[in-house]
Structure formats: structure tokens, C-alpha cells
Amino acid sequence: MNQKIALITGATAGIGYETALLLAQNNYNLILTGRRKERLDALENKLKSSFNCKIMTLNFDIRIKTETELALNSIPDEWKAIDLLVNNAGLAAGLAPINSADVEDWENMIDTNVKGLLYTSRIVTSWMIERQKGHVINISSIAGKESYPNGSVYCGTKHAVAAISKAMRIELLPYNIKVTTLSPGAVETEFSLVRFRGDLEKADQVYKGFTPLTAKDIAETILFIANRPPHVNIDDLLIMPTSQGSARDIFRK
Ligand code: NDP
Ligand code: 8X3
């Protein structure tokens, strides 16, 4: 039976889903979260039938503090020994300038990408501190290193993740807890479909003419980061498609 415990937020799709698959194959029991319960149930069944792992699912909306706290505090003591927290749940909503973007989209991104990450980290790091052990991997983005037009708030939330991550790393040094910021460039997942509210044609355009990263590429990177020896921490890692040189420079054929 698997030995270590990882909690992955946003495991119903994309990077979180692939990370769940890979960690289950690599000695982790998993706590998996997301809003889409049917996907969590399907993933739980798939993992349990394919790998020698234990799975716990938590179905909640990370934007809502009370829901997040209730779900995390419902975790039984034996599952609280979390070795790895992957703060992955997140989204971009819309692509629009400051004067006309939808305020609800802004709130959605801030509440999910920043506040949800904070609610989760507050609780899980308190358990890690008790054990003097743990690793938090925060998923930022190339959008956390550079800002691009029409992405002010998404970029702002990912810059915030990077800033929060940096402070967390210093705060948690005395407790033997590693903190990593992982910043991918374009990864083909449901990300653009969500950003463009289900418009498949618009979403497909984002990944046209070049080879984007896959969610599996990011899962493998997460596993690499988690597998470094105790004295080594990957503080900050930027991973880009070979054809992407900056947030806005993608060489398309
Ligand atoms: P997906 O849309 O494929 O997956 C997003 C995941 O986040 C889903 O599991 C979703 O679950 C979860 N999530 C979103 N909102 C909430 C919420 N309110 N409550 C709980 N869970 C939520 O996107 P990716 O896999 O691409 O994105 C994962 C992370 O990677 C995000 O933080 C994103 O910003 C970041 N990223 C993505 C890049 C890309 O190009 N794809 C590049 C750089 C960073 P559900 O809807 O079931 O709740
Ligand atoms: C996702 C990558 O460039 O669409 O974080 O913002 S980008």
C-alpha cells in the first residue's frame, strides 16, 4: 500500500487530474478536491482499480471559505499527515481590458486563485508544522512573471501566488517545510475552454500552430520537484513549451 499522502486541489481536470494519476503510481495516497463530484468519483474508482493506493475525495468550492474549512476540517486524523500539498485549483475567466472586463470574472479569479489557495494553505500548513515536515507546491504561471494586455486580473492573481509563495517559504523554514512555486507556460487543458466560457473554437485557437505543454508534462515536473532529497528545494521553476519565449511570444507555423 502507498505510504505518502498528497492533497491536490482541482483534481477533476487538466494538471490536477494528471498529477493524481502520476502520484498514485508513485507511492502516494491522495486527497483530491474539486466541485464536479461525478468526476471526483470516476477518478477515485479509476485510481483504486489501477493502483495500490487509498483515495479520499472532498467535493467543495474553494472560493467559499466556510465550505473549504468544513471540508478540510472533516479530514480524519490519519489523513492529516499530508506530505505534499499541490495548490493547483485555478482559472482564468475572460480576456478583456480593465475598463470593460466583467467584475464577476475578476472576483471569480481572485476568490479561486488567491483566496482559495490561502484558505487551503492556512489549514494544511498548520498540520505540517505539527509534524515538522511537508512540501507545498503552488501553481503560478508565466502570467505570474509577466503581465499581458487583457489579462490584468489573471496575471495579478498569479503574481500574487508567486509573492505569497515566497513569503510562505521563508515563514516555514523553521519547520522543515519546503515551498515551491511552479510556473508553466501554455498547457493544453480545459483552461482556455473555461476562460472563453465553453467556446471550443476560441479555445482551440490558443493552441494552434505549435506544440503546447501537456498536463502530463506538468505532473512529471511536480513529481520531480517532490522527489528531491530532503536537503534540496526547488524554489521557483518556470516551464515553457519550446515554441514559447514569453507570455506573448509563441512561434506558430
Ligand atoms: P483546468 O480547467 O483543466 O483545471 C482546473 C481545475 O481547477 C479543475 O479541477 C477545477 O475543478 C478546479 N477548480 C477551478 N475552480 C474551482 C473552484 N471554485 N473550486 C474548486 N476547484 C476549482 O485547468 P488547468 O489544469 O490548466 O489549471 C490548473 C492550474 O494551472 C490553474 O491554477 C491554472 O491557473 C494553472 N496554469 C494553467 C496553465 C495553462 O496554460 N493551462 C498555465 C499556467 C498555469 P472543478 O471545476 O471541478 O471545481
Ligand atoms: C496560463 C498561461 O499565458 O494563458 O496561466 O496566462 S496564460
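Which loop holds Gln132? Select Gln132 to begin, and you will find that residue in the loop between α4 (103-131) and β5 (134-139), where helices (H or I, at least four residues) and strands (E, at least two) are DSSP runs numbered from the N terminus. The model on your screen is predicted, so that local features need pLDDT of at least 70 and side-chain atom pairs count only at pLDDT 80 or more, while totals for chains, interfaces and linings use all residues. Residues are numbered from 1 along each chain as its sequence is written, chains are lettered from A and ligands numbered from 1 in the order in which they are written, and side-chain values use heavy atoms, with hydrogens and water left out.

With a relative accessibility of 40%, Gln132 counts as partly exposed, because buried means under 20% relative accessible area, exposed over 50%, and partly exposed in between (1.4 Å probe, protein chains only). Next select Asn176, which is not a glycine either and has a positive phi of about 65°; Asn176 is found in the loop between α5 and β6 (177-184).

**Ligand 1**

Now select ligand 1, which has 30 residues around it, with Thr12, Arg35, Asn88, Tyr154 and Thr189 coming nearest; a residue is near a molecule or strand if one of its heavy atoms lies within 4 Å of it. By class, this shell has 13 nonpolar, 11 polar and 6 charged residues, where Ala, Val, Leu, Ile, Met, Phe, Trp, Tyr, Cys and Pro count as nonpolar, Asp, Glu, Lys and Arg as charged, and the others, Gly among them, as polar. If you colour the helices, note that α1 (14-25), α5 (152-172) and α6 (191-195) each supply at least two residues of the shell around ligand 1.

Turn to the oxygen atoms of ligand 1: a polar side-chain atom of Thr12 lies 2.7 Å from one oxygen atom, and a polar side-chain atom of Tyr154 also lies 2.7 Å from an oxygen atom of the ligand. Taken alone, ligand 1 exposes 880 Å², of which the protein buries 96%, with accessible areas coming from the Shrake-Rupley method with a 1.4 Å probe and, for residues, only the protein chains shown counting as cover.

**Ligand 2**

Move to ligand 2, which is surrounded by Ser141, Ile142, Ala143, Tyr148, Tyr154, Phe191 and Arg195, a shell that divides into 5 nonpolar, 1 polar and 1 charged. Show the side chains here, and you will see a polar atom of Ser141 lying 2.5 Å from an oxygen atom of ligand 2, as does a polar side-chain atom of Tyr148. An N or O atom in the side chain of Tyr154 is 2.6 Å from an oxygen atom of ligand 2. The protein buries 82% of the 240 Å² that ligand 2 exposes when taken alone.

Select Val161 in helix α5, a buried residue with a relative accessible area of 1%.

Finish at Glu44 in helix α2 (residues 37-50), which is buried, with a relative accessible area of 14%.

Key: A polar contact is a pair of N or O atoms within 3.5 Å; within protein, one must be able to donate a hydrogen and the other to accept it, and residues adjacent in sequence count only if both atoms are side-chain atoms.
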